[in-house]
Amino acid sequence: MSGNDGNNTILAGPDKAHLQVDGPYMSNSTSHTGSEASLHRVKNLPGYTTPVFKGKEEQRAKVQAELSAKGFMPRELVQNEVNWFYTSLGIDDTYFANESRDVIVDHILALFGAKVLAYTKHDPNQLVIDLERIDEKGNGATFIHTSPPGRTSTEGPGATCESRIDALFLDKSTPTNAYRLETFRSLGQVSATASQQLRCYFVTKCNFANQPASTRTDGKTDIRTVSDKAFLEKATDNTLEIYQNVMWSVESRYGPVIEVFEVEGSREKRVVIGFKMNSTSHFFSALSNLYHFYSLYSARKYVEQFSNGITIISLYLNPLPNSHAAPIEHSIFQVTKEASLLFCLPDNPFFLSNDQSGHAVQEATYAYCGWIFAQHFCNRLGPAYLQLRNVLDETNPAHAEVLNDIKRRFREETFTRESIEHCIHAHPDLIRMLYVNFAMVHYPAADDASQLMPTLSYQRLQTHQPLSDAELYDKMRRTVSNKHELQVLESFLVFNKHVLKTNFYQPTKVALSFRLAPGFLPETEYPTKPFGMFLVIGNEFRGFHIRFRDVARGGIRIVRSRNRENYSINQRMLFDENYGLASTQSLKNKDIPEGGAKGTILPSLNADPRICFEKYVDAVVDLLIPGQTPGIKEQIVDLYNKPELLFFGPDEGTADMMDWAALHARARGAETWWKSFTTGKSAEHLGGVPHDIYGMTSLSVRQYVVGIYKQLGLQEKNITKVQTGGPDGDLGSNEILLSSDKTVAIIDGSGVLADPVGLNREELIRLAKLRVPVSHFDTSKLSKEGYLVKVEEQDVKLPSGEIVLDGTDFRNGAHLRFKADLFVPCGGRPEAVNVSNMAALIDAEGKPHFKYIVEGANLFLTQQARLHLERRRVVLFKDSSANKGGVTSSSLEVLAGLALSTQEYVDLMIFKDGKPSEFYKSYVRDVQDKITENAAAEFQCIWREHARLQGSKPRTTISDELSSTLNQLQAELEASDLFADVPSRRGVIRRAIPKTLVDQVGLDTLLERLPEPYQLALFSSWVASHFVYKYGVNSSAVDFFHFARDLAKQ
């Protein structure tokens, strides 16, 4: 695809505004924050003016009079204490202008009382001041306390003040309810005998009312139109100009913007950091810990918030006098580099922890990432479990349940989060050595500027003699006291050896991402080795992405947690769930070019899932696009050293986020693949092919249902059916609309709807078209034996007289109580039928509740449950065969994105005036035909094989073997030279690509545009599936010879 396909002239016009891209990641921006050559220079003038409080003297006299009248302080001392407070402490006039006389009187009394207390201890350094006032109406707060410069307090008011300001005001700010902060260090000392200085914090609610109209004509945001009134009164023109440029950078980028300014004639450095509101938390307080670590102190700090959702922090940093630390000219660059890591993980327990192990931010961030890795990969089951598994029979439900319980207990009890954290805290020196081992590989090559002035992190690497892996392991073995700790530290070494690339050292990022080689996964637990793995770690989430082939596609799932206990379970099972979903996706993707893949994101409790998803995507894109902008996105060390393409799709919790991900990839510079980066995009705005509207997944499920009817000579109108997943869902609604059976029960998120004489078909169709759950069913249309139990209801009496105590509990087990000819799960949690409850689907006479099961919902039944039911003569088709229509549709959506230029894509795939083009409608019909053809071919193949073996092998096993055969044959074809035969290649690709697309673009152009790895996957998947579906899983080499002869036919 040509590089200028995406120029913005194509996307002109108001209806394409959402596609406009400024390309901030690709520009030669002046913001070279990460590079040592990036210093800006400002005059030695204050960035803010402090308005003089004209009523100060009058206020002072009244305060003095009130203090005298109270009688708490000796009269002869009152004038001296008031003068000291007003003149010698150096408190800014902002305080006196903002506070009432009563508050000032209380503060002077508190200061006097603290002096008396310190005197009784005979140590002036024991003087602790802690003055605070938090406005009850939420208009702001004032905090004043003693604060030693350049040190993070571990006790007293200074230890918690800034984190409280973060929690109470800054983290909760929104564009309509925001707070600004001014804080400064007083110039004077607290008393004649004590050397402490005071730190003052003034938090005020932003006033965005009556903002001036913009005078700009270039469409850019005018900072004056989004600013707080007090900020505009105090900020100098120079500060406004600096903040204006930072604001524009924040608007055009996803991560933080960090700028450094040198003050003329001074060693002071000013650091300005801009970011989008709520994109991090506890960041302001974490920054103090960061610059204190490098023996810097702040004279002043400001946090400004703007009504367009942007936050800007400004720090005035100075070197601590008489410090032995590195000069500020060096350390300031380390502060800016590490501020980006801190933005990702501000709550890191390994940075300046209570044990004072003294990890720098980079080492602490590495420790945190290793902690997460160890939580998932230390808890392996070990030889004892494997021996037990070899003795027991996993196909026996009782044995399988025992193994399941033991596996869960091993995972829970062997390595807890707390025990791993304790081990990391206990061995700071070993963690530092492990970090050096990691950094020596992934620290980027020095550029010219950093060779002149190496960063402190680089200098630290030089002072630590890096050990070889064997030396490091030997050192660990001799240092730690037990095998448990050794195994934790070993996992760090495993992590180091399997990281192929990471954004750890990128100057700006929003979460940390690691591309891992999956070689460390034990084969006994993960029998199929993934092709590639990503681990993504953010402050409020963690996530994985696993794919089983180079060209692979799968959904990104957000795993939500109801409470802390549920979160702990989800945390332990996250990788295994991801592996299981990706593995199932592999089986399902057997007859399309993309192999199986899946992503999972686990947000922390109360985290915003949308923000977690956006950070996850941005961090993964960091590893897909080579960095080209100094100080923003730079080159990283890439041990994989091949281009990688990932294709994301919608899954639980992410269906409405696919548009954002595609547009974000484009903004990041993915001009050739942004259109295919996500599937499930909105049809109208981004040319997606929605599964629900066109019934893509349901089309394949229906082929299996209809196939059963045809093979067994059944009439649909006589068939009774139970369905999970209601009329509000994609599969559930389309199953209702496409069928004409007698549905006796539907179970969905809202409750249980049942009627033994059959639910009213017209009413079901009404709900399906409205996409609303069964709770909206008109109960007047039920027979006298029918009922609706909603999840929120309690003590409901059923027509049979049975009392339902709790609607939610009833819903959760309802799929086990009904009987019918056909069961079609179209929704529900994974493993809803498993070894512990599958016996409930067999009645007292040994008859199964259902004769036929077509598993529309992913992983609804466990493998043991499927096999158990098939042994009871249930005709069962598993998920990876039945519901593959959705993946076929998504695959062809990817193909359109790769095959069409940006201009063609906009013209042909994106709706005009809310209507699709003729090309789009024709392409969708091609997709539907392909789904029907593939599903029918696989159904016939499984049915024939089952009949050939006279039922001796379950259809579930045949389905799995069919998937394995197809995947294996595809891999063999990719490794063979058959693709090199040009006539065969052209013949296959012409047939594999929908006719509408070939006619529009032309075969030669398609072969130029499609990446070669994709062409190879497309070729191999088409040949493998068409051969196996035609000749069966037991076909011979002679069969393939006959089949291959015809490939070149046009």
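Seven strands make up an open sheet, in the order E10-E11-E12-E13-E15-E14-E16, with mixed pairing. Its edge strands, each pairing on one side only, are E10 (499-502) and E16 (647-650). From one strand to the next the twist averages 20°.

The model is predicted: local features need pLDDT of at least 70, side-chain atom pairs count only at pLDDT 80 or more, and totals for chains, interfaces and linings use all residues. Residues are numbered from 1 along each chain as its sequence is written, and side-chain values use heavy atoms, leaving out hydrogens and water.

Some terms. Helices (H or I, at least four residues) and strands (E, at least two) are DSSP runs, numbered from the N terminus. Two strands pair if DSSP finds at least two bridges between them.

Strands E11 (512-516) and E12 (532-538) pair in the antiparallel sense over five bridges. Ser513 stands opposite Val536 in E12. Helix H10 (361-377) packs on the sheet and touches E11, E12 and E13 (541-547); contact means heavy atoms within 4.5 Å. The direction of H10 makes about 125° with that of E12. Such angles run from 0 to 180 degrees between N-to-C directions, with axes fitted to C-alpha atoms, for helices over the stretch in contact.

Now to one residue, Asn883, in the loop between helix H30 (879-882) and helix H31 (885-899). Is Asn883 buried or exposed? Asn883 counts as buried because its relative accessibility is 5%; the cut-off for buried is under 20% relative accessible area, and exposed is over 50%, with partly exposed in between (1.4 Å probe, protein chains only). Among the residues that Asn883 touches are Thr697 and Glu855.

Key: Lists of a residue's contacts leave out its neighbours within four places in sequence.
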